Amino acid sequence: MNDKLFIRLQHLIPQHGLSRAAGWLASSHNPLIKNTFIRWFVKRYQVDMSLAAEENPLAYNCFNDFFTRALKTGARPIDGATDSIVCPADGAISQLGKIIDGRIFQAKGQSYTTVELLGGDAELAAEFTDGTFATVYLSPRDYHRVHMPYGGKLRAMVSVPGELFSVNTVTAENVPRLFARNERAVAIFDTDIGPMAVVLVGAMIVAGIETVWDGQIAPFASRDIATSLYPYQNITLNKGDEMGRFKLGSTAIVLFAKDKILWDEKFRAGAPTKMGEHMGKKI
């Protein structure tokens, strides 16, 4: 499809209605619906089930269970170096680098502000002034659980309703402020090297976003930005622990404060990622 027509359709189709319909189908336990959907998906995206804890794709109760499947123990070892930052998810680097003048690079000619990404909270965004970011795209065939890049204690979660554009190279290059427009959940952690944000960005036909502390949180019931605070609940996760998952795929964005980490030089736009592998280190 012509890129311009594809982008035009993104604006015209009922994004939320289509996504909620997909969510209904993905949660169906009807064998005909779920098995047909799973068989097509495995064939279409060449999904490797050999790493899954349950290798038989039709053994899952619904498509969502298949899509958010666990991996076998040891399938994704967590880098054990005490100074390492690890990849939060299987996928590929969309972009990574420095936050410059309060803006995060999206694609050629496109960027968005840290304030926008974090739900409009300028005080929170200021904690990441001149910091670093990494955007990891999870393709349909990937493992769709997101893990901690570094250990920390959950301070807050910001639920940001928004649009549901598809997330891919074409939309990243043509939809202004894509990741700051789509529905997303912003988790803020306090670590021994300062604040860390892990942002789970929704997309078209993403049936839901879950966190390990609150279960399913998106689609959001309200169209207002909401902040939940967790300072006294002692929700602490170690490096490599699961923190959330996507019901159908999208993107995870990680932010660190200024002069706290260095990304490994092998990671650049397009580089593949495996959850748990060394991605950077503390300065």
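Select phenylalanine 41 to begin: in this predicted model the residue is buried, with a relative accessible area of 5%. The cut-off for burial is under 20% relative accessible area, and phenylalanine 41 is therefore classed as buried at 5%.

Tyrosine 45 is partly exposed, at a relative accessible area of 26%. Both phenylalanine 41 and tyrosine 45 belong to helix H3, which covers residues 31-45. Their separation of 4 residues corresponds to about one turn of that helix.

Next, display the aromatic rings. The model contains 15 aromatic pairs. In the pair formed by phenylalanine 41 and tyrosine 45, the ring centres are 4.7 Å apart and the planes meet at 45 degrees, so the arrangement is tilted. Planes under 30 degrees apart would count as stacked and those over 60 as edge-to-face.

Arginine 44 lies over the face of tyrosine 45, 4.9 Å from the ring centre. At phenylalanine 66, the charged end of arginine 69 is placed over the ring, at 4.8 Å from its centre.

Now turn to the open space in the model.

The largest pocket holds about 640 Å³ of space. Of its 27 lining residues, select Tyr45, Pro140, Ser166, Met204 and Ile205, which are the closest to the pocket centre. Colouring by element then shows which segments give two or more residues to this lining: helix H1 (3-12), helix H2 (15-26), H3 and helix H4 (63-67). The largest share, 5 residues, is supplied by H3. Which classes of residue make up the lining of the largest pocket? There are 20 nonpolar, 6 polar and 1 charged residues.

Finally, move to the second largest pocket, whose volume is about 240 Å³. Its lining comprises 15 residues, and those nearest the centre are Ser94, Tyr137, Asn168, Thr169 and Ala172. Strand E2 (91-98), strand E3 (103-107) and helix H7 (169-174) are the elements that each give two or more residues to this lining. E2 provides the largest share, with 4 residues. Colouring the lining of the second largest pocket by class gives 7 nonpolar, 6 polar and 2 charged residues.

Definitions and conventions: Residues numbered from 1 in each chain as written. Predicted model: local features only at pLDDT ≥ 70, side-chain atom pairs only at ≥ 80, totals over all residues. Heavy atoms only, no water. Phe/Tyr/Trp six-rings, centres within 6.5 Å; stacked < 30°, edge-to-face > 60°. Buried < 20%, exposed > 50% of the residue type's maximum accessible area, 1.4 Å probe, protein only. Lys NZ or Arg CZ within 6 Å of the ring centre and 35° of its normal. 1 Å grid on protein atoms, 1.4 Å probe; cavity = no way out; pocket = protein on both sides within 12 Å on 5 of 7 lines; lining within 4 Å. Points joined across faces, edges and corners; volume = space filled by probe spheres on them. Nonpolar A, V, L, I, M, F, W, Y, C, P; charged D, E, K, R; others polar.
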